[in-house]
Amino acid sequence: MCRAGICGSCAMMINGRPDLACHTKTKNLPDEITLMPLPVFKLIGDLSVDSGTWFRAMNEKVQSWVHTDKPFDVNAEEETMDNQLAEEIYELERCVECGCCVAACGKANMREDFMGAVAFNRIARFMMDPRDERTGTEYFEVVGNEEGIFGCLGLLGCEDVCPKEIPLQDQLGMLRRKMGWQSIRHLFSRLLPD
Ligand code: SF4
Ligand code: SF4
Ligand code: FES
């Protein structure tokens, strides 16, 4: 437990709303306070949930690492990145995997294989990264489905509760546009002769 809003492990339902307990001041709450464990994740006991297993599976599902065929050269000089782009990637990297956005998500509560906004944020982060060589089609295979961005209801409960104020709405909008475009391309590639 970091008590600084950076480990994500103290997330719980505080008066019906997912939030980080270490960031919540009782003086801002009514006299009666109700604490519940986060939904969606497997309950361990009391207020503890096993978010680790969920997040590991999510990161594997979205292949949350830089994909490149470049051979690794231990002696190569570090590659530089445009400062502005590095800042934009860092903005999305601030996610602490607390699970608040998942707990607040109507779709994740209804459907256990739904990826959730945190996964969309991860994908958006790698799409921005010039070192990741995945194509639009490869991203489409991961997220262009009902478990992914096409299952999202778009009501943005996720963004409302994110304690790190990650710009989830922007990432969801970007993914929806890009994957919508990819699905049209897929459709036409099936209809058109080779
Ligand atoms: S906008 Fe999508 S990801 Fe966010 S809470 Fe709604 S269904 Fe879940
Ligand atoms: S996107 Fe926000 S709410 Fe969701 S896991 Fe990351 S920090 Fe928590
Ligand atoms: S204790 Fe680490 S985020 Fe609250």
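Strand 4 and strand 5 of this predicted model form a hairpin, with two residues between the strands. One residue of the turn, D46, has a positive phi of about 50°. Strand 4 covers residues 42-45 and strand 5 covers residues 48-50. The two strands run antiparallel and are joined by three bridges.

Helix 6 spans residues 136-143 and helix 8 spans residues 168-191. Their axes lie 10 Å apart and meet at an angle of about 105°. Angles of 65 to 115 degrees count as roughly perpendicular, and helix 6 and helix 8 are therefore roughly perpendicular to each other. On the side of helix 6, the contact is made by G136, T137, F140 and V143. Helix 8 contributes L175, K178, M179 and Q182. By class, the residues of this contact are four nonpolar, three polar and one charged.

Helix 5 covers residues 117-128, and M127 is part of this helix. Is M127 buried, exposed or partly exposed? A residue is buried with 20 or more C-beta neighbours within 10 Å and exposed with 12 or fewer. M127 has 17 such neighbours inside 10 Å, so M127 counts as partly exposed. The C-alpha atom of M127 is separated by 8.4 Å from that of Y139, a residue twelve positions away along the chain.

The model also holds ligands, and each of the two described here has a shell of residues around it. Around ligand 1 there are 15 residues, of which C105, A117, C152, L153 and C158 come nearest. Helix 4 (106-110) and helix 7 (157-161) each supply at least two residues of this shell. Which element gives the largest share of the shell around ligand 1? That element is helix 4, with three residues. Sorted by class, the shell around ligand 1 has ten nonpolar, four polar and one charged residues.

Around ligand 2 there are 13 residues, and those that come nearest are C95, C98, C100, C101 and C162. At least two residues of the shell are supplied by helix 3 (100-103), and at least two by helix 5. The largest share of the shell around ligand 2, three residues, comes from helix 5, the helix in which M127 lies. The classes in the shell around ligand 2 are nine nonpolar, two polar and two charged residues.

Terms used:
Residues are numbered from 1 along each chain as its sequence is written. Chains are lettered from A and ligands numbered from 1 in the order in which they are written. This is a predicted model: local features need pLDDT of at least 70, side-chain atom pairs count only at pLDDT 80 or more; totals for chains, interfaces and linings use all residues. Helices (H or I, at least four residues) and strands (E, at least two) are DSSP runs, numbered from the N terminus. A residue is near a molecule or strand if its C-beta atom, placed from the backbone, lies within 6 Å of it. Ala, Val, Leu, Ile, Met, Phe, Trp, Tyr, Cys and Pro count as nonpolar, Asp, Glu, Lys and Arg as charged, and the others, Gly among them, as polar. Two strands pair if DSSP finds at least two bridges between them. Axes are lines fitted to C-alpha atoms, for helices over the stretch in contact, and angles run from 0 to 180 degrees between N-to-C directions. Angles under 35 degrees count as roughly parallel, over 145 as roughly antiparallel, 65 to 115 as roughly perpendicular and the rest as oblique. Two residues are in contact if their C-beta atoms, placed from the backbone, lie within 7 Å.
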